[in-house]
Amino acid sequence: MTMTTRVFSGVQPTGNLHLGNYLGAIVNFVKLQADHECLYCVVDLHAITVPVAVWGGPDELRRATREVTAAFIASGIDPKQHIIFNQSQVAGHAELAWVLNCVARLGWLNRMTQFKEKAGKDRENASVGLYDYPVLMASDILVYRATHVPVGEDQKQHLELSRDIAQKFNNDFSESIAANGHGDTFFPLPEPVITGPATRVMSLRDGTKKMSKSDPSDYSRINLTDNADTIAQKIRKAKTDPEPLPSEEKGLENRPEADNLVGIYAALSGKPKSALLAEFGGAQFSSFKSSLVDLAVAKLSPIAHEMKRLTDDPAHVDRILIEGAERASAIASQTMDAVKDIVGFIRKR
C-alpha cells in the first residue's frame, strides 16, 4: 500500500454548530479540499461517550448528525469530490480501535487532560468510552492512514497520542510490516494542519471564555442556523468596553471583548487585524459593529439558508452520508485487511 497525502477530521453532532466551529474548523476544511484528498466525518460514536442526557438520545443524534452534514455542504465542502460520512457507518473505526487499544499504554491515557476536564470530580462514574475516546480518535485517523489532521488547541494532545500509537504499532510489528510488503512503516505519523486567524472564537458575552454550544445564554454565540435578524441582534448586543478601537494590535491587550470582535471580523473578511485597526482605529464600537453586522450577515445568512434547505430533506442528506460511508469503507477495509495480516489474524480472502 502506497502512502497518499490525505486529510481527515471530524465534528461531533452535539448541539447547534456556531461561529466558533465555523471559523475554527469548517472554513479550514473548505480550504484544504483545494489541494488534498479529504475525509470529513460526523463522529457520532464519540457523541455517545457522555451521558444520554448530554447528547440528547436517538432522535436528537440523528437530527444533529444531519445538521452537521448540512453545515459541511452549505459551507462549501463538495461531497462528490471529497468524502462526507458519519463514523458509525464504517465498521473499521471501531475494529481498528480495539487493535490500537492493545497497542496504547494505560499511562498514556492517564495523561490525557481532556478526560479529566470532561469527567470532572466524579471520574469513577464516567464511561469507559470517554476515557478511551483518544484511542478511537487515533483509529479515526489511522484507519485512513491520514497524513494531516486540522486540529484545535484542545485536540493537540490527542493527535500526539495518535502519533505515539502509530509509532508503537510500526515498532511492535516492524518485521511483519516488512514481511507483508509495506516497507519500514505501515502507519504514517499524522501531522497537525496549522490553521489561520480566529481559530479560537470567544463568547460574545465574555471575551475570556471560548464560544460554546453549552453556554446557557444563546446571546453568547452565533449559531450557523441563525437568520439575519438574529445575527445582527447578537452582534449589536455583544459585550464591549467603553474605549474606542485602537489603531494598532498592541492596543487590544487586556481588552478581550474588543480583541474577539476584531478577530471575528478579520476571519470573516480575510483581512489581518492590523489592516482593520488601521481602518477603524479611533472609532466607537457602534460603527464597527454595524460594519461587522453587514459582513457577518453576508457571509453567514446563505449558509443558514442552505442548511435549512438540506435539513428539510433528510432523505437527501442520508443518501450523501451513505454514499460517503461506502467510499470511506473502501479505504478503511484495505487498511483493516493489511492490519489483520500484519497482526496475524486469519481472514477470508
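User: What should be kept in mind about the numbering and the confidence limits of the model?

Analyst: Residues are numbered from 1 along each chain as its sequence is written, and side-chain values use heavy atoms, with hydrogens and water left out. The model is predicted, so local features need pLDDT of at least 70 and side-chain atom pairs count only at pLDDT 80 or more, whereas totals for chains, interfaces and linings use all residues.

User: What makes the contact between glutamate 37 and arginine 6 a salt bridge?

Analyst: A salt bridge is defined as a side-chain nitrogen of Lys or Arg within 4 Å of a carboxyl oxygen of Asp or Glu. In the pair of glutamate 37 and arginine 6 the closest N and O atoms are 2.8 Å apart, so the pair meets that definition. By this rule the count comes to 20 salt bridges.

User: Why can this pair be said to tie together separate parts of the sequence?

Analyst: Glutamate 37 lies in strand β2 (residues 37–42) and arginine 6 in strand β1 (residues 6–11), so the pair ties together parts that are 31 residues apart in sequence. The strands are DSSP runs of E with at least two residues, while helices are runs of H or I with at least four residues, and both are numbered from the N terminus.

User: Why is arginine 6 called buried, and what is glutamate 37 called?

Analyst: Buried means under 20% relative accessible area, exposed means over 50%, and partly exposed lies in between (1.4 Å probe, protein chains only). Arginine 6 has 11% relative accessibility and therefore counts as buried, whereas glutamate 37, at 31%, counts as partly exposed.

User: Which residues are linked in a network of salt bridges?

Analyst: The network links Asp218, Arg221, Asp226 and Lys234.

User: How do you know that there is a cavity, and what lines the largest one?

Analyst: On a 1 Å grid over the protein atoms alone, a cavity is a set of points where a 1.4 Å probe fits but cannot get out, and lining residues have an atom within 4 Å of a point. A search of the whole structure finds one cavity of 30 Å³ or more, and the largest cavity has a volume of about 50 Å³, a volume being the space filled by probe spheres set on the points, which are joined across faces, edges and corners.

User: Where is histidine 158 found, and why is it called buried?

Analyst: Histidine 158 is found in helix α9 (residues 156–172), and its relative accessible area of 2% makes it buried. Leaving aside neighbours within four places in sequence, histidine 158 is in contact, meaning heavy atoms within 4.5 Å, with Met112, Gln114, Tyr133, Pro134 and Met137.

User: Why is helix α12 described as largely enclosed?

Analyst: Ten of the 14 residues of α12 are buried, so the helix is largely enclosed by the rest of the structure. These buried residues pack against α1 (19–32), α13 (273–280) and α14. Helix α12 (residues 256–269) reaches 20 Å from its first C-alpha to its last, close to the 20 Å expected at 1.5 Å a residue, where the expected span is 1.5 Å times one less than the number of residues.

Conventions: On a 1 Å grid over the protein atoms alone, a cavity is a set of points where a 1.4 Å probe fits but cannot get out, and a pocket is an open set with protein on both sides within 12 Å along at least five of seven lines; lining residues have an atom within 4 Å of a point.
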